[in-house]
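Hello,

Here is the structure I promised to pass on to you.

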Amino acid sequence: LMCGADAAPDNRAPSRTLGDTSMELNARIHDLEGKIIKADYDTRKWLALAEREPSAKAHALRSLQQKKQYQLQCERLRGLQLNVEHMRLQQEQAEMASMTAQALQAGTTSLRQHLAVASVDQVEQLREQWQEMCDEMG
């Protein structure tokens, strides 16, 4: 068992972002949609030839089966893409929550620093003194 500097280097591929994965899924879905259209066209073409060519029905059936396979695969990819999009939205919400927490922490620190310089009682005392001076002048 190796550990520390003797351990083998990590040769895994860099992790993909959710955006990269979503774009890849979009491209594959688009490709499958093109294949579905072609299989549908081929099915119709073979059915039109069925009266004249004995093997046309078999070709039409194969094209129809291929179209169904493409449709199933396309639906699976759409489900995966929905999961990726959901995860991307959750990640975005987590990032916003983290930013908010950091801003609140910075605000709290700043407020504590300002309160250390002058307490609320001191500010109130100064305001009262200022008010008394204004009353004496006016």
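**What I found**

Leaving out residues up to four places away in sequence, Leu32 touches Tyr70, Gln73, Cys74 and Leu77, where contact means heavy atoms within 4.5 Å. Before going further, please note that this is a predicted model, in which local features need pLDDT of at least 70, side-chain atom pairs count only at pLDDT 80 or more, and totals for chains, interfaces and linings use all residues. Residues are numbered from 1 along each chain as its sequence is written, and side-chain values use heavy atoms, with hydrogens and water left out.

**The core**

Leu32 also belongs to the largest nonpolar core, a group of nine residues: Leu25, Ile29, Leu32, Ile36, Ala39, Tyr70, Cys74, Leu77 and Val84. H1 and H2 are the elements that give two or more residues to this core, and H1 gives the most, with five residues. A nonpolar core here is a set of buried Ala, Val, Leu, Ile, Met, Phe, Trp, Tyr and Cys residues joined through side-chain atoms within 4.5 Å. Buried means under 20% relative accessible area, exposed over 50%, and partly exposed in between (1.4 Å probe, protein chains only). Helices (H or I, at least four residues) are DSSP runs, numbered from the N terminus.

**Ser22 and Gln81**

Ser22 sits in helix H1, which covers residues 18-49, and Gln81 is in helix H2. Ser22 is buried, because its relative accessible area is 13%; Gln81, with 16%, is therefore buried too. Beyond its neighbours within four places in sequence, Ser22 is in contact with Gln81 and Val84.

**Cysteines**

How many disulfides does the structure hold? The number is zero, taking a disulfide as a pair of cysteine sulfur atoms within 2.5 Å. Cys74, one of the core residues, is buried, with a relative accessible area of 1%. Cys134 has a relative accessible area of 32%, so Cys134 is partly exposed.

**A surface patch**

Finally, Leu111, Leu115 and Val120 make a nonpolar surface patch of about 290 Å². Such a patch joins nonpolar side chains (Val, Leu, Ile, Met, Phe, Trp, Tyr) within 5 Å, from residues with over 30% relative accessible area and no salt bridge. Leu115 lies in helix H2, residues 56-117, and is partly exposed, at 41% relative accessibility.

Best wishes

Methods: Patch = residues over 30% accessible without salt bridge, like charges linked within 9 Å, V, L, I, M, F, W, Y side chains within 5 Å. Areas by Shrake-Rupley, 256 points an atom, 1.4 Å probe, with all protein chains shown as cover. Salt bridge = Lys/Arg side-chain N within 4 Å of Asp/Glu carboxyl O.
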